[in-house]
Amino acid sequence: MNTKGLVFDIQSFSVHDGPGCRTTVFMAGCPLQCGWCANPESWVRKKQLLFAAKVCKWAKGCRACENACPRGSIQFPAEGEPIISWEICRTCENFDCVALCPNQALKQCGREVTVEELTAILRRDFNHWGADGGVTFSGGEPLLQPEFLLAVLQQCHALQIGTAMETSAYAQADVFLAIMQYIQFAFIDVKHMDREQHKAGTGVDNDRILANIALLRQSGWPGRLVLRQPVIKGYNDSAENARQLIAFMNKHDLYELNLLRFHKLGMTKWNQLGKEYAYRDQGDVTDKKLAQLQELYLDHQIACYIGDHTPF
């Protein structure tokens, strides 16, 4: 089988991405572009360059990468750190500079793997998961690579490997339902219940997401579904947004929600991609606000978990 997928990370021994101990496969590409995203390297379905300026030894005279790019994308001024021409680097396919960097200040993000290669990694990790463990497909958005994902899931099914997915559910309905046949546990993100506010924050509206969640419930899918929402101050932390989500969950017989605390852990990766992080000075919510939202959901018979406290 020659089907290949593009992943930007594979993490063994994950304990917050589904039941038990798991291997989490982070797949490249995402139809949403959330301004607070912790994995901005996941947005595009292609290999990318990361530059960690704090690791670079230019101040000690290192110029190993200076002539690596035939298009001159790396420049060393007389004073100050190297200048990266990101317009050039974002179209690169070779990444010759990465091989020449002795300090790993330059890194390639993303690599292709075949179904067989990824299945071999999962079989390697199998003995470390325990009875409840397995693999979680995350991203980015795994549904953007449906042929590869489906082929791996079919291998997992044959090998009796437990499967989970973290997804926005932003995909064509037939693709979404076909993939979910092989998923036993899922986190589905609902960033905002208002259509226009969802589009303002993520770049896409929520029509397809909400419709797919409803279709999944109607399909008789036997797995466990937990809706999830990163709580962003001033964006989706209002009681009105919570009430709209409660109404949607009650309508479709959904009873579990995971509220994620906003954090800035992804800011370094924004910098390494040459991008400006809009949430550098905003987005934080208080413990009191999270507790108030949790209480509102609990009052409406919805099990609401904060942070990593989802019981598996």
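Where in the structure is the place of Gly140? Gly140 is found in the loop between strand E8 (134–138) and helix H4, helices (H or I, at least four residues) and strands (E, at least two) being DSSP runs numbered from the N terminus. The structure is a predicted model, in which local features need pLDDT of at least 70 and side-chain atom pairs count only at pLDDT 80 or more, while totals for chains, interfaces and linings use all residues. Residues are numbered from 1 along each chain as its sequence is written, and side-chain values use heavy atoms, with hydrogens and water left out.

Backbone geometry is considered first. Most residues other than glycine have a negative phi, and most peptide bonds are trans. In the loop that holds Gly140, a cis peptide bond joins Gly139 and Gly140, with omega at about 10°. Gln160, which is not a glycine, has a positive phi of about 60°; Gln160 is placed in the loop between H4 and E9 and, at 70% relative accessibility, counts as exposed, where buried means under 20% relative accessible area, exposed over 50%, and partly exposed in between (1.4 Å probe, protein chains only). Asp253, likewise a residue other than glycine, has a positive phi near 55°. Asp253 lies in the loop between helix H8 (239–251) and strand E12 (256–261), and its relative accessibility of 54% places Asp253 in the exposed class.

Helix packing was examined next. Two packed helices are described by the angle between their axes and the distance between the axes. Here axes are lines fitted to C-alpha atoms, for helices over the stretch in contact, and angles run from 0 to 180 degrees between N-to-C directions. Helix H3 (residues 115–129) packs with helix H4 (residues 146–158) at an angle of about 40°, the axes being 10 Å apart. H3 and H4 are therefore oblique to each other, since angles under 35 degrees count as roughly parallel, over 145 as roughly antiparallel, 65 to 115 as roughly perpendicular and the rest as oblique. The crossing of H3 and H4 is right-handed; a crossing is left-handed if the near helix is turned anticlockwise from the far one by less than a right angle, and right-handed if clockwise. On the H3 side, Val115, Leu118, Thr119 and Leu122 make the contact, and on the H4 side Phe148, Ala151, Val152, Gln155 and Cys156 do so, contact meaning heavy atoms within 4.5 Å. By class, the contact of H3 with H4 comprises 7 nonpolar, 2 polar and no charged residues (Ala, Val, Leu, Ile, Met, Phe, Trp, Tyr, Cys and Pro count as nonpolar, Asp, Glu, Lys and Arg as charged, and the others, Gly among them, as polar).

H4 also packs with H5, their axes coming within 10 Å and crossing at roughly 20°, and H4 and H5 are therefore roughly parallel to each other. The crossing in which H4 passes H5 is left-handed. Pro146, Leu149, Leu150 and Leu153 of H4 meet Val175, Ala178 and Ile179 of H5, and the residues of this contact divide into 7 nonpolar, no polar and no charged.

Helix H5 (residues 173–180) packs in turn with helix H7 (residues 207–218), at an angle of about 45° and with the axes 10 Å apart. H5 and H7 are therefore oblique to each other, and their crossing is right-handed. In this contact, Ala173, Phe176, Leu177 and Met180 of H5 meet Asn212, Leu215 and Leu216 of H7, a set made up of 6 nonpolar, 1 polar and no charged residues.

Individual sites were then considered. Glu166 is placed in strand E9 (residues 162–167) and is buried, with a relative accessible area of 8%. The side chain of Glu166 makes a polar contact with the side chain of Ser138 at 2.6 Å; a polar contact is a pair of N or O atoms within 3.5 Å, where, within protein, one must be able to donate a hydrogen and the other to accept it, and residues adjacent in sequence count only if both atoms are side-chain atoms. Leaving aside neighbours within four places in sequence, Glu166 is in contact with Asp17, Thr136, Phe137, Ser138, Pro142, Phe187 and Arg228.

Gly283, in the loop between helix H9 (267–272) and helix H10 (287–299), counts as buried at 4% relative accessibility. Not counting residues up to four places away in sequence, Gly283 touches Val231, Ile232, Lys233 and Phe262.
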